[in-house]
Amino acid sequence: MMKEKILVIGASGQIGVELTLALRKIYGNANVVASDLREENELLKGSGPYVSMDVMNKEMLHVQVIRQNITQIYLLAAILSATGEKNPNLAWSLNMQSLLNVLDIAKEEKIHKIYWPSSIAVFGPTSPKQNCPQQTVIEPITVYGISKYAGEFWCNYYHQRWGLDVRSIRYPGLISYKSAPGGGTTDYAVEIFHEALEEKKYECFLREDTYLPMMYMPDAIKATIELMEAPVEKIKIRTSYNISGMSFSPKEIAAEIKKHIPEFSITYKPDYRQQIANSWPQSIDDSVARNHWGWKEDYDLSDMTKDMLENL
Ligand code: NAD
Ligand code: AKB
């Protein structure tokens, strides 16, 4: 078997920390190089190599790939939906250029596998709201969604034209307790747990009936690793796979938390993120990922809530 050396870009972020730790368990600490623009996350310290790096600096990225003998890249650096609407130019430039830098270097250096996440944010108001299929009308209205949709086609292009093995998942909103979320519309579903434990109340920035597709982080990590380890002939979608975990509204997650913290209360003060949430599907059809590489989630709303409250 080929000796793998993995570079995780954006390793100090919400997904990066947990994915880096999971990859280190599989491939060995020394074989997974974490990198980020910001400082190394506390949870990563002492667990393996860390390089401070701006993915926009293509030369520096190229040097690191050669110096560290990198064979696989996981690109997680991005600006998410809510922050993206505050600075659309920056979101477009980071989300696109980081991907093009990685794809170009991967092509030159014969990196044999690349992971780049897309998002349910590719879907827009004209996509089906319920059980949104893998292939459907896709007209995103956020700069983040536009960048993810364009990115999907760049991945497909590099695969078709140069045979790069780029794999991708359209993550739903991710819920985790280890590292904080970084400026998304679904972040309320993480904040609510912290506030429930600390303040016994939470003011939600989305309306009570705003259903969104969500997933617990252990499922997202499992999906990512299973997708990356699947035999190449099973990966037939080279844009990005729909995957689904659960769907709920703020009212439903609040009711679930109340089962464990009876004094918890929630109020609602929708802001600009409501419009973003309204443009996304409420649930996702992931039957293609299930058929192609055997995707199946482990956590529903009740399991996730219990586990979050136990671990926070
Ligand atoms: P995050 O914001 O928590 O982490 C991103 C990391 O990238 C940060 O640590 C940041 O410092 C780093 N970064 C930013 N600019 C950089 C640069 N120029 N060079 C190097 N590093 C840089 O984001 P996340 O939630 O971990 O998301 C990771 C990926 O997954 C993103 O592509 C995101 O779009 C996608 N995704 C996330 C979710 C979610 O709910 N978290 C859902 C769908 C898709
Ligand atoms: C966001 O809300 O921007 C992210 C996502 C669904 O991509 N969590």
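# Notebook: loops, helices and salt bridges

I started at Lys 110, which sits in the loop between helix 4 (88-109) and strand 5 (113-115). Helices here are DSSP runs of H or I with at least four residues, strands are runs of E with at least two, and both are numbered from the N terminus. I noted that this is a predicted model, where local features need pLDDT of at least 70, side-chain atom pairs count only at pLDDT 80 or more, and totals for chains, interfaces and linings use all residues. Residues are numbered from 1 along each chain as its sequence is written, chains are lettered from A and ligands numbered from 1 in the order in which they are written, and side-chain values use heavy atoms, with hydrogens and water left out.

**Entry: positive phi**

I looked up phi for Lys 110. The value is near 55 degrees, which is positive in a residue other than glycine. Is Lys 110 buried or exposed? At 69% relative accessibility, Lys 110 counts as exposed. The cut-offs are under 20% relative accessible area for buried, over 50% for exposed, and partly exposed in between, with a 1.4 Å probe and protein chains only.

I then turned to Lys 200. Lys 200 lies in the loop between helix 6 (188-198) and strand 10 (201-204). Phi of Lys 200 is near 65 degrees, again a positive value in a residue other than glycine. Lys 200 counts as partly exposed, at 31% relative accessibility. Helix 6 comes before Lys 200. I listed the buried residues in helix 6: Tyr 188, Ala 189, Val 190, Ile 192, Phe 193 and Ala 196.

**Entry: His 62**

I found His 62 in helix 2 (residues 58-67). His 62 is buried, with a relative accessible area of 18%. What does His 62 contact, leaving aside neighbours within four places in sequence? I noted Ile 105, Glu 108 and Glu 109. Contact means heavy atoms within 4.5 Å.

**Entry: Ser 240**

I looked for Ser 240 and found it in the loop between helix 7 and strand 12 (241-242). Ser 240 is buried, at a relative accessible area of 0%.

**Entry: helix 1 against helix 7**

How do the axes of helix 1 (residues 14-27) and helix 7 (residues 217-229) cross? They come within 10 Å and cross at roughly 50 degrees. Axes are lines fitted to C-alpha atoms, for helices over the stretch in contact, and angles run from 0 to 180 degrees between N-to-C directions. Helix 1 and helix 7 are therefore oblique to each other. Angles under 35 degrees count as roughly parallel, over 145 as roughly antiparallel, 65 to 115 as roughly perpendicular, and the rest as oblique.

I wrote down who meets whom. Helix 1 brings Gln 14, Ile 15, Glu 18, Leu 19, Ala 22, Leu 23, Ile 26 and Tyr 27. Helix 7 brings Met 217, Ile 221, Thr 224, Ile 225 and Glu 229. I sorted the residues of this contact into nine nonpolar, two polar and two charged. Ala, Val, Leu, Ile, Met, Phe, Trp, Tyr, Cys and Pro count as nonpolar, Asp, Glu, Lys and Arg as charged, and the others, Gly among them, as polar.

**Entry: salt bridges**

How many salt bridges does a search of the whole structure find? It finds 12. A salt bridge is a side-chain nitrogen of Lys or Arg within 4 Å of a carboxyl oxygen of Asp or Glu.

I took Lys 259 and Glu 256 to begin with. Their side chains meet in a salt bridge at 3.1 Å, N to O. Both lie in helix 8 (residues 250-260), three residues apart, about one turn of the helix. An α-helix has 3.6 residues a turn, so residues three or four places apart point the same way. Lys 259 is exposed at 61%, whereas Glu 256 is buried at 10%.

Next I looked at Asp 271 and Arg 273, whose salt bridge spans 2.7 Å, N to O. Asp 271 is partly exposed at 28%, and Arg 273 is buried at 17%.

Then I checked Arg 290 and Asp 286. Their closest N and O atoms are 2.6 Å apart in a salt bridge. Arg 290 is partly exposed at 30%, while Asp 286 is buried at 7%. I also noted a network: salt bridges that share partners join Asp 165, Arg 167 and Arg 238.
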